[in-house]
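Here are my notes for your first look at this protein. Keep the structure open as you read, and check each point against it.

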Amino acid sequence: MIGLGLIGALTACATPATATDPPGVAVAATQRPCGTHVVADESANGSTVCVAASSDVTIMLKTAGDSSWSSPTATGHVLGPAMPLPTPYGLVGWQFRTIAAGQAEIRTARPGVLYQLYVTVR
């Protein structure tokens with residue numbers, strides 16, 4: 001039950017990994033606000049997310065059968081280590097705290113699938 005509550009809390013406070021501009025408004029990528037609690041799933045694979053400094057980015061991925069995702073790694077020095085999250089059956093998740101401005105790449109894999117998320121911290 002604690003895991004389900006945490007998932008609900010993360011989802012309720014989260015900024016989706018992909019955001020769209022309001023209709024008819026063209027906003028330069030450098031002017032878009034960054035999320036404070038960004039949650040990314042399989043649909044964000046290969047995409048870039050922007051996360052505010054002193055906040056976090058979470059990845060929540062579905063498991064398939066007996067194969068699970070490897071512990072994720074992050075390049076660079078802008079994200080802290082991957083912290084495993086309690087998740088309900090069929091999901092696995094990790095949270096990364098932002099520790100500096102810059103860019104990073106989060107990678108994890110399961111048999112036959114590579115997941116990459118590019119993170120910009122401002």
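1. Start with the order of elements. Along the sequence the pattern runs α-β-β-β-β-β-β-β-β. That comes to one helix and eight strands. Bear in mind that this is a predicted model.

2. Next, the overall numbers. The protein has 122 residues, and 34% of them are buried. Among contacts with a separation of 6 or more, 57% link residues 24 or more positions apart.

3. Now look at strand β8 and its partners. Strand β7 (residues 102-110) runs antiparallel to β8, and nine bridges join them. The hairpin of β7 and β8 has two residues between the strands. There, Gly112 takes a positive phi near 85°.

4. β8 also pairs with β3. This pairing is parallel, over four bridges. Find Thr48 and you will see Tyr118 of β8 opposite.

5. Which residues form the aromatic pair? The whole structure holds one such pair, made by Trp69 and Tyr115. The geometry is edge-to-face, with 6.3 Å centre to centre and 75° between the planes. Planes over 60 degrees apart count as edge-to-face, so 75° qualifies.

6. Buried or exposed? Trp69 and Tyr115 are both buried.

Notes:
Residues are numbered from 1 along each chain as its sequence is written. This is a predicted model: local features need pLDDT of at least 70, side-chain atom pairs count only at pLDDT 80 or more; totals for chains, interfaces and linings use all residues. Side-chain values use heavy atoms; hydrogens and water are left out. Rings of Phe, Tyr and Trp (its six-membered ring) pair if their centres lie within 6.5 Å; planes under 30 degrees apart count as stacked, over 60 as edge-to-face and the rest as tilted. Buried means under 20% relative accessible area, exposed over 50%, partly exposed in between (1.4 Å probe, protein chains only). Two strands pair if DSSP finds at least two bridges between them. Contact means heavy atoms within 4.5 Å.
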